[in-house]
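Here are my notes on the model, point by point. Please read them with the structure open.

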Amino acid sequence: MVEQEVDVTLTFEEVTGYLGNSATLECDYTISSGQDLPVTVTWKQGDGPRYAEEIFTCTGYTKEDKSCVNAQVTKIEYLNRIQIANSSPSLVFTKIEAEDNHNYWCQVAIEGSNMGEEQVDMKSVALRVRGGHESPKMHSVTIEANSVGVEGADIQLDCDCTGSHCDDVAWFKGPTNDQHTEYDMVYTRTSGSRPMPTQYVPYGDWKGRASLSGNSLVITGLKASDAGRYWCEMRNAAMYGIGEVATDAKSTVVEIISENDGNVFTCEGKADGLYSDPYQCNMYYECVMYVKYHRPCPTGTVFAPGHPLYACEHPANVPAPCGTLKNN
(Lines give C-alpha, C1' and ligand atoms only; values in the text may rest on other atoms or scores of the structure.)
Protein backbone atom coordinates (compact mmCIF):
# COMPACT_ATOMS: atom_id res chain seq x y z
CA MET A 1 0.00 0.00 0.00
CA VAL A 2 1.17 3.52 -0.83
CA GLU A 3 1.80 5.50 2.35
CA GLN A 4 -0.47 8.48 3.00
CA GLU A 5 -2.55 7.99 -0.13
CA VAL A 6 -5.54 10.34 -0.38
CA ASP A 7 -8.95 9.12 -1.54
CA VAL A 8 -11.75 11.65 -2.05
CA THR A 9 -15.28 10.34 -1.46
CA LEU A 10 -18.64 11.80 -2.50
CA THR A 11 -22.14 11.23 -1.15
CA PHE A 12 -23.78 12.16 -4.47
CA GLU A 13 -22.37 12.84 -7.93
CA GLU A 14 -25.31 15.08 -8.81
CA VAL A 15 -27.16 17.61 -6.63
CA THR A 16 -30.31 19.55 -7.51
CA GLY A 17 -30.50 23.17 -6.39
CA TYR A 18 -33.13 25.89 -6.68
CA LEU A 19 -32.68 29.55 -7.55
CA GLY A 20 -32.16 31.71 -4.49
CA ASN A 21 -31.88 28.72 -2.15
CA SER A 22 -28.89 27.03 -0.53
CA ALA A 23 -27.28 23.70 -1.48
CA THR A 24 -24.42 21.56 -0.20
CA LEU A 25 -22.01 19.62 -2.41
CA GLU A 26 -20.90 16.90 -0.02
CA CYS A 27 -17.26 15.77 -0.06
CA ASP A 28 -14.99 13.91 2.33
CA TYR A 29 -11.64 12.10 2.19
CA THR A 30 -9.52 9.40 3.77
CA ILE A 31 -5.75 9.05 4.19
CA SER A 32 -4.48 5.47 3.95
CA SER A 33 -2.12 5.82 6.93
CA GLY A 34 -5.03 6.79 9.17
CA GLN A 35 -3.22 9.97 10.26
CA ASP A 36 -5.11 13.25 10.55
CA LEU A 37 -2.63 15.24 8.48
CA PRO A 38 -3.31 18.86 7.49
CA VAL A 39 -4.64 19.10 3.94
CA THR A 40 -5.49 21.79 1.44
CA VAL A 41 -9.04 21.52 0.15
CA THR A 42 -9.55 23.21 -3.21
CA TRP A 43 -12.91 23.45 -4.91
CA LYS A 44 -12.77 23.93 -8.67
CA GLN A 45 -15.41 24.52 -11.34
CA GLY A 46 -15.18 23.34 -14.90
CA ASP A 47 -14.53 20.76 -17.53
CA GLY A 48 -12.43 17.91 -16.10
CA PRO A 49 -9.34 17.81 -13.82
CA ARG A 50 -7.06 19.33 -16.47
CA TYR A 51 -9.25 22.37 -17.15
CA ALA A 52 -11.20 23.09 -13.96
CA GLU A 53 -10.70 26.58 -12.48
CA GLU A 54 -10.14 27.19 -8.77
CA ILE A 55 -13.02 28.96 -6.99
CA PHE A 56 -12.29 28.30 -3.29
CA THR A 57 -9.27 27.21 -1.29
CA CYS A 58 -8.99 26.07 2.33
CA THR A 59 -5.55 25.42 3.85
CA GLY A 60 -4.60 23.66 7.07
CA TYR A 61 -7.80 21.62 7.25
CA THR A 62 -7.88 18.65 9.67
CA LYS A 63 -10.69 16.28 10.58
CA GLU A 64 -10.23 17.05 14.26
CA ASP A 65 -10.64 20.82 13.91
CA LYS A 66 -13.05 20.69 10.94
CA SER A 67 -11.98 24.17 9.91
CA CYS A 68 -9.53 26.04 7.67
CA VAL A 69 -6.48 27.91 8.87
CA ASN A 70 -7.01 30.13 5.84
CA ALA A 71 -10.06 30.17 3.55
CA GLN A 72 -10.49 32.24 0.42
CA VAL A 73 -12.98 32.57 -2.42
CA THR A 74 -10.78 32.85 -5.49
CA LYS A 75 -13.36 33.61 -8.20
CA ILE A 76 -15.31 36.83 -7.86
CA GLU A 77 -18.59 35.36 -9.17
CA TYR A 78 -18.83 33.25 -6.01
CA LEU A 79 -17.84 35.95 -3.50
CA ASN A 80 -20.07 35.90 -0.37
CA ARG A 81 -21.99 32.92 -1.74
CA ILE A 82 -19.83 29.86 -1.00
CA GLN A 83 -18.10 28.49 2.10
CA ILE A 84 -16.83 25.25 3.65
CA ALA A 85 -19.36 23.26 5.70
CA ASN A 86 -19.11 23.15 9.51
CA SER A 87 -18.47 19.40 9.77
CA SER A 88 -16.67 18.44 6.53
CA PRO A 89 -14.81 19.92 3.55
CA SER A 90 -18.12 20.02 1.64
CA LEU A 91 -18.94 23.17 -0.33
CA VAL A 92 -22.00 25.17 0.73
CA PHE A 93 -23.81 27.52 -1.66
CA THR A 94 -25.67 30.03 0.46
CA LYS A 95 -27.57 31.49 -2.50
CA ILE A 96 -27.80 29.70 -5.84
CA GLU A 97 -27.81 31.65 -9.10
CA ALA A 98 -28.76 30.47 -12.60
CA GLU A 99 -25.14 30.49 -13.75
CA ASP A 100 -24.10 28.02 -11.00
CA ASN A 101 -25.08 25.05 -13.17
CA HIS A 102 -21.60 23.45 -13.42
CA ASN A 103 -19.41 20.52 -12.46
CA TYR A 104 -17.55 21.22 -9.21
CA TRP A 105 -14.39 19.32 -8.30
CA CYS A 106 -13.40 18.61 -4.70
CA GLN A 107 -9.60 18.33 -4.56
CA VAL A 108 -7.79 17.26 -1.38
CA ALA A 109 -3.97 17.40 -1.11
CA ILE A 110 -1.77 16.58 1.87
CA GLU A 111 0.32 19.59 2.81
CA GLY A 112 4.11 19.46 3.04
CA SER A 113 7.17 18.93 0.89
CA ASN A 114 7.99 15.80 -1.15
CA MET A 115 4.34 14.94 -1.67
CA GLY A 116 3.64 12.94 -4.83
CA GLU A 117 0.63 12.46 -7.06
CA GLU A 118 -0.70 9.74 -4.73
CA GLN A 119 -1.19 12.39 -2.03
CA VAL A 120 -3.79 14.37 -4.01
CA ASP A 121 -7.15 13.27 -5.35
CA MET A 122 -10.29 14.95 -6.70
CA LYS A 123 -13.82 14.01 -7.75
CA SER A 124 -16.70 15.98 -9.26
CA VAL A 125 -20.23 16.86 -8.17
CA ALA A 126 -22.67 18.22 -10.75
CA LEU A 127 -24.95 21.03 -9.51
CA ARG A 128 -28.16 21.19 -11.52
CA VAL A 129 -30.05 24.43 -10.98
CA ARG A 130 -33.82 24.23 -11.39
CA GLY A 131 -35.11 27.38 -12.99
CA GLY A 132 -31.62 28.11 -14.33
CA HIS A 133 -29.58 26.75 -17.23
CA GLU A 134 -30.23 23.17 -16.18
CA SER A 135 -28.65 20.20 -17.95
CA PRO A 136 -28.52 16.60 -16.70
CA LYS A 137 -25.23 14.86 -16.03
CA MET A 138 -24.67 12.77 -19.15
CA HIS A 139 -22.50 9.98 -17.80
CA SER A 140 -20.42 8.69 -14.89
CA VAL A 141 -17.00 7.05 -14.94
CA THR A 142 -16.10 4.03 -12.82
CA ILE A 143 -12.52 2.86 -12.49
CA GLU A 144 -10.74 -0.18 -11.08
CA ALA A 145 -9.52 0.03 -7.50
CA ASN A 146 -5.83 0.64 -6.88
CA SER A 147 -3.45 -1.90 -8.45
CA VAL A 148 -0.03 -3.43 -7.88
CA GLY A 149 2.07 -4.10 -10.97
CA VAL A 150 5.31 -6.03 -11.36
CA GLU A 151 8.27 -4.30 -12.99
CA GLY A 152 8.70 -5.69 -16.51
CA ALA A 153 5.19 -7.21 -16.61
CA ASP A 154 1.92 -5.80 -17.97
CA ILE A 155 -1.04 -4.13 -16.28
CA GLN A 156 -4.63 -3.35 -17.27
CA LEU A 157 -6.48 -0.45 -15.59
CA ASP A 158 -10.18 -1.02 -16.06
CA CYS A 159 -12.40 1.99 -16.80
CA ASP A 160 -16.08 2.01 -17.70
CA CYS A 161 -18.61 4.69 -18.53
CA THR A 162 -22.34 4.47 -17.80
CA GLY A 163 -24.88 6.83 -19.29
CA SER A 164 -24.87 8.53 -22.67
CA HIS A 165 -22.25 10.07 -24.95
CA CYS A 166 -19.26 8.09 -23.69
CA ASP A 167 -17.38 8.90 -26.87
CA ASP A 168 -13.79 9.96 -26.20
CA VAL A 169 -11.38 8.75 -23.55
CA ALA A 170 -8.24 10.40 -22.22
CA TRP A 171 -5.82 8.67 -19.86
CA PHE A 172 -3.36 10.91 -18.03
CA LYS A 173 -1.09 10.71 -14.97
CA GLY A 174 -0.48 13.15 -12.17
CA PRO A 175 -0.78 15.87 -11.06
CA THR A 176 2.87 16.57 -11.74
CA ASN A 177 3.38 20.07 -10.28
CA ASP A 178 3.12 21.61 -6.81
CA GLN A 179 -0.02 23.52 -7.78
CA HIS A 180 -1.77 20.24 -8.74
CA THR A 181 -2.82 21.60 -12.12
CA GLU A 182 -0.63 19.80 -14.68
CA TYR A 183 -0.70 16.20 -15.91
CA ASP A 184 1.24 13.90 -18.24
CA MET A 185 -0.83 12.56 -21.11
CA VAL A 186 -0.66 8.77 -21.52
CA TYR A 187 -3.18 7.77 -24.21
CA THR A 188 -6.21 9.28 -25.96
CA ARG A 189 -8.96 8.06 -28.24
CA THR A 190 -10.72 10.83 -30.13
CA SER A 191 -13.82 10.11 -32.21
CA GLY A 192 -13.53 11.09 -35.85
CA SER A 193 -16.13 12.59 -38.13
CA ARG A 194 -16.48 11.74 -41.78
CA PRO A 195 -14.14 11.36 -43.50
CA MET A 196 -11.70 11.42 -40.54
CA PRO A 197 -11.27 8.12 -38.66
CA THR A 198 -11.07 7.73 -34.90
CA GLN A 199 -7.63 8.78 -33.62
CA TYR A 200 -5.63 6.63 -31.16
CA VAL A 201 -2.62 8.48 -29.73
CA PRO A 202 -0.01 7.31 -27.17
CA TYR A 203 2.24 9.94 -25.58
CA GLY A 204 5.82 10.27 -24.37
CA ASP A 205 7.39 7.26 -22.68
CA TRP A 206 4.17 5.28 -23.14
CA LYS A 207 4.57 5.12 -26.94
CA GLY A 208 4.88 1.46 -27.88
CA ARG A 209 3.78 0.38 -24.39
CA ALA A 210 0.25 1.80 -23.94
CA SER A 211 -2.94 0.74 -25.72
CA LEU A 212 -6.67 0.55 -25.07
CA SER A 213 -8.95 -2.42 -24.46
CA GLY A 214 -12.33 -0.77 -24.76
CA ASN A 215 -11.91 2.24 -22.47
CA SER A 216 -9.36 0.45 -20.26
CA LEU A 217 -5.65 1.24 -20.34
CA VAL A 218 -3.10 -1.51 -20.94
CA ILE A 219 0.58 -0.81 -20.23
CA THR A 220 3.24 -3.37 -21.16
CA GLY A 221 6.79 -3.60 -19.86
CA LEU A 222 6.10 -1.75 -16.62
CA LYS A 223 8.84 0.52 -15.28
CA ALA A 224 9.39 1.76 -11.74
CA SER A 225 8.63 5.27 -13.02
CA ASP A 226 5.13 4.13 -14.06
CA ALA A 227 4.01 4.17 -10.42
CA GLY A 228 1.53 6.91 -9.55
CA ARG A 229 -2.03 8.15 -10.03
CA TYR A 230 -3.77 7.51 -13.37
CA TRP A 231 -6.94 9.25 -14.53
CA CYS A 232 -9.61 7.98 -16.92
CA GLU A 233 -11.60 10.86 -18.41
CA MET A 234 -14.63 10.33 -20.65
CA ARG A 235 -16.09 13.04 -22.88
CA ASN A 236 -18.86 13.65 -25.37
CA ALA A 237 -17.03 14.33 -28.63
CA ALA A 238 -19.58 16.92 -29.75
CA MET A 239 -19.34 19.08 -26.62
CA TYR A 240 -15.68 20.03 -26.16
CA GLY A 241 -15.58 23.40 -24.43
CA ILE A 242 -19.39 23.60 -24.37
CA GLY A 243 -20.80 21.40 -21.66
CA GLU A 244 -19.19 20.28 -18.43
CA VAL A 245 -22.04 17.79 -18.10
CA ALA A 246 -20.34 15.91 -20.93
CA THR A 247 -17.19 15.14 -18.90
CA ASP A 248 -16.36 12.92 -15.94
CA ALA A 249 -13.11 11.46 -14.62
CA LYS A 250 -11.92 9.13 -11.87
CA SER A 251 -8.42 8.09 -10.74
CA THR A 252 -6.61 4.98 -9.55
CA VAL A 253 -3.18 4.56 -7.95
CA VAL A 254 -0.64 2.07 -9.34
CA GLU A 255 2.17 0.70 -7.19
CA ILE A 256 5.12 -0.99 -8.92
CA ILE A 257 7.11 -3.75 -7.18
CA SER A 258 10.43 -5.21 -8.27
CA GLU A 259 10.50 -8.40 -10.34
CA ASN A 260 12.94 -9.71 -7.72
CA ASP A 261 10.23 -9.60 -5.06
CA GLY A 262 9.63 -13.04 -3.59
CA ASN A 263 5.88 -12.83 -4.25
CA VAL A 264 6.22 -12.36 -8.02
CA PHE A 265 4.56 -15.17 -9.99
CA THR A 266 6.73 -17.70 -11.82
CA CYS A 267 5.90 -20.74 -13.96
CA GLU A 268 8.90 -22.62 -12.64
CA GLY A 269 7.78 -26.05 -11.46
CA LYS A 270 4.14 -25.46 -12.49
CA ALA A 271 2.03 -27.54 -14.83
CA ASP A 272 0.71 -25.99 -18.04
CA GLY A 273 -2.47 -24.04 -17.32
CA LEU A 274 -3.99 -20.79 -16.11
CA TYR A 275 -3.11 -19.18 -12.78
CA SER A 276 -4.32 -16.16 -10.80
CA ASP A 277 -2.35 -12.93 -10.78
CA PRO A 278 -1.73 -12.33 -7.06
CA TYR A 279 -2.07 -8.55 -7.50
CA GLN A 280 -4.58 -7.98 -10.31
CA CYS A 281 -7.96 -9.69 -10.47
CA ASN A 282 -8.48 -8.55 -14.07
CA MET A 283 -5.35 -10.36 -15.32
CA TYR A 284 -4.02 -13.91 -15.13
CA TYR A 285 -0.97 -15.97 -16.04
CA GLU A 286 -0.76 -18.81 -18.53
CA CYS A 287 2.09 -21.31 -18.16
CA VAL A 288 3.19 -23.19 -21.28
CA MET A 289 6.26 -25.40 -20.92
CA TYR A 290 7.36 -23.29 -17.92
CA VAL A 291 7.12 -20.11 -20.01
CA LYS A 292 4.97 -17.35 -18.43
CA TYR A 293 2.39 -15.34 -20.39
CA HIS A 294 0.51 -12.46 -18.77
CA ARG A 295 -3.07 -12.17 -20.10
CA PRO A 296 -5.74 -9.46 -19.56
CA CYS A 297 -9.42 -10.19 -18.93
CA PRO A 298 -12.06 -8.30 -20.92
CA THR A 299 -13.13 -5.07 -19.22
CA GLY A 300 -15.62 -5.70 -16.42
CA THR A 301 -14.54 -9.31 -15.83
CA VAL A 302 -12.09 -11.02 -13.49
CA PHE A 303 -10.11 -14.23 -13.62
CA ALA A 304 -12.25 -17.28 -12.80
CA PRO A 305 -10.01 -20.11 -11.50
CA GLY A 306 -11.19 -23.54 -12.55
CA HIS A 307 -13.96 -22.34 -14.87
CA PRO A 308 -14.62 -25.11 -17.42
CA LEU A 309 -15.12 -22.80 -20.42
CA TYR A 310 -13.79 -19.29 -19.81
CA ALA A 311 -10.68 -17.79 -18.28
CA CYS A 312 -12.62 -14.73 -17.11
CA GLU A 313 -16.12 -14.16 -15.78
CA HIS A 314 -18.34 -11.42 -14.36
CA PRO A 315 -17.42 -10.76 -10.69
CA ALA A 316 -20.91 -11.90 -9.59
CA ASN A 317 -20.02 -15.43 -10.78
CA VAL A 318 -16.58 -15.57 -9.11
CA PRO A 319 -15.96 -16.12 -5.38
CA ALA A 320 -13.93 -13.75 -3.20
CA PRO A 321 -11.45 -12.15 -3.14
CA CYS A 322 -11.90 -11.13 -6.80
CA GLY A 323 -15.63 -11.69 -7.08
CA THR A 324 -18.83 -11.43 -5.05
CA LEU A 325 -20.22 -14.98 -5.46
CA LYS A 326 -21.17 -16.43 -2.08
CA ASN A 327 -20.57 -20.11 -1.46
CA ASN A 328 -23.59 -21.96 -0.13
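**Notes on the model**

1. Strands E3 and E9 (residues 91-93) pair in the antiparallel sense over three bridges. Two strands count as paired if DSSP finds at least two bridges between them. Strands are DSSP runs of E with at least two residues, helices are runs of H or I with at least four residues, and both are numbered from the N terminus. Leu25 has Leu91 in E9 as its bridge partner. The open sheet has three strands in the order E3-E9-E8, with antiparallel pairing. Its edges are E3 (23-25) and E8 (82-84), each of which pairs on one side only. The twist averages 25° from one strand to the next. For such angles, axes are lines fitted to C-alpha atoms (for helices over the stretch in contact), and values run from 0 to 180 degrees between N-to-C directions.

2. Basis of the values. This is a predicted model: local features need pLDDT of at least 70, side-chain atom pairs count only at pLDDT 80 or more, and totals for chains, interfaces and linings use all residues. Residues are numbered from 1 along each chain as its sequence is written, and side-chain values use heavy atoms, with hydrogens and water left out.

3. Overall form. The protein has zero helices and 27 strands. Its radius of gyration is 21 Å, close to the 20 Å that the globule rule gives for 328 residues, so the protein is as compact as a globular protein of that length. The radius is taken over C-alpha atoms, and the rule is 2.2 Å times the number of residues to the power 0.38. Along its principal axes the C-alpha trace spans about 70 × 50 × 50 Å. Of the 328 residues, 48% count as buried. Buried means under 20% relative accessible area, exposed means over 50%, and partly exposed lies in between (1.4 Å probe, protein chains only).

4. Strand E10. One face carries Asn103, Trp105, Gln107 and Ala109. The other carries Tyr104, Cys106, Val108 and Ile110. E10 pairs with E5 (residues 39-45) in the antiparallel sense over seven bridges. It also pairs with E11 (residues 120-130), again antiparallel and over seven bridges. Gln107 sits in both pairings: it is the bridge partner of Thr42, and its partner in E11 is Met122.

5. Nonpolar cores. The largest core has 29 residues, of which Leu25, Trp43 and Phe93 touch the most other members. A core is a set of buried Ala, Val, Leu, Ile, Met, Phe, Trp, Tyr and Cys residues joined through side-chain atoms within 4.5 Å. Apart from it lies another core, of 20 residues, including Cys159, Cys161, Tyr187 and Leu212. Not counting residues up to four places away in sequence, Phe93 touches Tyr78, Ile82, Tyr104 and Leu127, among others. Contact means heavy atoms within 4.5 Å.

6. Asn215. This residue lies in the loop between E19 (210-213) and E20 (216-219). Why does Asn215 count as buried? Because its relative accessible area is 14%. Asn215 and Cys159 are 56 residues apart in sequence and 5.7 Å apart in space, C-alpha to C-alpha. Contacts of Asn215 beyond four places in sequence include Cys161, Trp171, Arg189 and Met234.

7. The six-stranded sheet. This open sheet has the order E13-E22-E21-E16-E17-E18, with mixed pairing. E13 (147-150) and E18 (199-202) are the edge strands, each pairing on one side only. The twist averages 20° from one strand to the next. E16 (168-173) and E17 (184-190) pair in the antiparallel sense over five bridges. Ala170 has Thr188 in E17 as its bridge partner.

8. Backbone points to check. Most residues other than glycine have a negative phi, and most peptide bonds are trans. A cis peptide bond joins Gly174 and Pro175, with omega about 10°. Pro175 is in the loop between E16 and E17. The bond from Ala320 to Pro321 is also cis, with omega near 10°. Asn80 has a positive phi, near 65°. At 71% relative accessibility, Asn80 counts as exposed. Phi of Met289 is positive too, near 55°. Met289 is in the loop between E24 (283-288) and E25 (291-296), and at 62% relative accessibility counts as exposed.
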